[in-house]
Structures are given as C-alpha cells and as structure tokens.
Amino acid sequence: MVLSYLLALLLGAASFFSKEFMEKFEKKKSKFTSFTIGLATVYVFLQLLPEAYQGVPTYGIAIFVTTLIGFSIFHIGEKLISKYEKKPKLRRDLGILHLLVFFFYHTVVGITLVELLETKLLAGVLFAVSLSFIYLTTSALFEELHAKKGSHILSKRIISAGTFLLGVTIAEVFHINAELLFPALGFVSGVLIYIVGKEVLPQQKASNPGYFTLGIMVYTTVLLLLNYYGLI
C-alpha cells in the first residue's frame, strides 16, 4: 500500500530531523517538548493501551509483558551506557546493542503501522502522525547517547530512520498475522511510556507544566471526539 510507505517516510523524516528541529527552536525547546509529552501521554493511555487490551482474549495478561519489555530494554540500555561512560570499549559495545534495539523498535513500528491501516485506516494514520510528532521533539535522545567522536552518527540516523520502511516492507511482503498487532502495540506503548518518564520525571530537566497540560487537553479532546463518532 502506497499510503503505508508514505507514512513510514513521514516517521523517518521526523526521527531524522529531530535534532535540527530542536536546535532551530532552542528557545522554545521546553514548550515543544512539554506539549509533545502531554500528547504522548494521552495517546499511550487513551489509544495504544486500550487497543492492545483487545488482545487479552487471545494472549491473556501476557499481552502487557510486551509493554514491560519495551519499557525495560530502553531503560536498562540507556542506564548501562551512562554507567560505563568512562569505559570506551564497553560503552561502544553497549552502544551497538542499543542501536540494534532502536532499529528493532522502528521496525516494529513499521509493521504495526501496516496492520493498523489494514484494520482501520484512520487509526493507522493517527498512529503515524502522532508518533511523527513525538519523534520530531524526542528523537534527539538518540543523539545524546550516540553523537560521540567517531560514532558515525549520520549513518546511524539514516539507518534508524530507514528501518520504519523496513518494517512496512516486511509487513507488506510477508503478510504478518493480524493477531501480532496487539503485542506490537503493547511494545510500542512501553517504549513511549519510557520516553514520557525520561522527559517528565527527572527534576533537573526543564519543563513547562502549562504546555504539558495543553497537550493533554488538546489531544484528549481529539481522541474522545474521534472515538465518539466511531472514526478510530
């Protein structure tokens, strides 16, 4: 489906240009990030997790194990990289592992996108647009961990952005079982919950409660209206 590839390109572009976008609007960084985290919080709890919950009849409570996995692998990976900052060889090895996790995550997002588009078109479009907005202001986290001397960050960014297309291609060619949509949604939810926690909870990070609240209110209204009219 052409639409799935176009939306994957949107996701990739948002992820790739995140650093430049945040640098251009450096003075408004806290406002953009706070608004986006508010949006991400709403999208996870009012859309992604409820959709993943629909898989409970098939998988039982195990459906949320994927949420735990998504959260845990990003948390553990980034903590280990930070812990071994002064041990270059170990940090490099951990950095490669973290990159592979990122690539896997983006591939899962691409597969999930195709499955959502096939299930309910607007839900799939909303998934891509919502995540693109989130990636545009938070994918710079990738830069913080990997933009070191000799790390070839440009090639890593290109490959990372391209794995959305890889996920779409896998789903389109191999026709992934629709039942796998639910654990995939759980996994994506776990990663986004981690991103929300990383950006909001640390007290030393600048945040803007007003814009966070605005993001919550705006996207809650949007999702409630779309659900009320049965559009998603």
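Threonine 41 counts as buried, at 16% relative accessibility, where buried means under 20% relative accessible area, exposed over 50% and partly exposed in between (1.4 Å probe, protein chains only). This residue, threonine 41, lies in helix H3, helices being DSSP runs of H or I with at least four residues and strands runs of E with at least two, numbered from the N terminus. Not counting residues up to four places away in sequence, threonine 41 touches Val196, Phe212 and Ile216, contact being defined as heavy atoms within 4.5 Å.

The model is predicted, so that local features need pLDDT of at least 70 and side-chain atom pairs count only at pLDDT 80 or more, while totals for chains, interfaces and linings use all residues. Residues are numbered from 1 along each chain as its sequence is written, and side-chain values use heavy atoms, with hydrogens and water left out.

The secondary structure of the protein chain comprises 11 helices and zero strands. In order from the N terminus, the elements run α-α-α-α-α-α-α-α-α-α-α. Of the 232 residues in the protein chain, 47% are buried. Among contacts with a separation of 6 or more, 84% are between residues 24 or more positions apart.

The largest nonpolar core has 51 residues; a nonpolar core is a set of buried Ala, Val, Leu, Ile, Met, Phe, Trp, Tyr and Cys residues joined through side-chain atoms within 4.5 Å. The members that touch the most other members are Tyr105, Val109, Phe127, Leu131, Val188 and Leu192. Two or more residues are given to this core by each of helix H1 (2–16), helix H3 (29–53), helix H6 (88–119), helix H7 (121–138), helix H9 (153–174), helix H10 (181–200) and helix H11 (209–228). The most come from H6, which gives 12 residues. In soluble globular proteins, nonpolar side chains tend to be buried together. With its neighbours within four places in sequence left aside, valine 188 is in contact with Leu48, Tyr105, Val108, Val109, Thr112, Phe127 and Leu131.

Threonine 112 is placed in helix H6 and counts as buried at 1% relative accessibility. Its contacts, leaving aside neighbours within four places in sequence, are with Phe127, Leu181, Ala184, Leu185 and Val188. The C-alpha atoms of threonine 112 and glycine 124 are separated by 8.4 Å, the two residues being 12 residues apart along the chain.

Glycine 167, in helix H9, is buried with a relative accessible area of 0%. Not counting residues up to four places away in sequence, glycine 167 touches Thr107, Gly110 and Ile111. Glycine 167 and glycine 110 are 57 residues apart in sequence, and their C-alpha to C-alpha distance is 4.1 Å.

The 18 residues of H7 should span 26 Å at 1.5 Å a residue, and the end C-alpha atoms are 26 Å apart, in agreement; the expected span of a helix is 1.5 Å times one less than its number of residues. Buried residues in H7 are Ala123, Gly124, Leu126, Phe127, Ala128, Ser130, Leu131, Ser132, Ile134, Tyr135, Thr137 and Thr138.

H3 packs against both H7 and H11. The axes of H3 and H7 come within 9 Å and cross at roughly 145°, where axes are lines fitted to C-alpha atoms, for helices over the stretch in contact, and angles run from 0 to 180 degrees between N-to-C directions. This crossing of H3 and H7 is left-handed, the term for a near helix turned anticlockwise from the far one by less than a right angle, with right-handed used if clockwise. Residues of H3 that meet H7 include Phe32, Phe35, Leu39 and Tyr43, and those on H7 include Phe127, Leu131 and Ile134. The contact of H3 with H7 divides into 13 nonpolar, five polar and one charged residues; Ala, Val, Leu, Ile, Met, Phe, Trp, Tyr, Cys and Pro count as nonpolar, Asp, Glu, Lys and Arg as charged, and the others, Gly among them, as polar.

H3 and H11 pack at an angle of about 35° with their axes 7 Å apart, and their crossing is right-handed. On H3 the residues meeting H11 include Thr41, Val42 and Leu46, and on H11 they include Phe212, Ile216 and Tyr219. By class, the contact of H3 with H11 has 12 nonpolar, seven polar and one charged residues.

Histidine 175 lies in the loop between H9 and H10. Histidine 175 is exposed, with a relative accessible area of 61%, and has a positive phi of about 50° although it is not a glycine.
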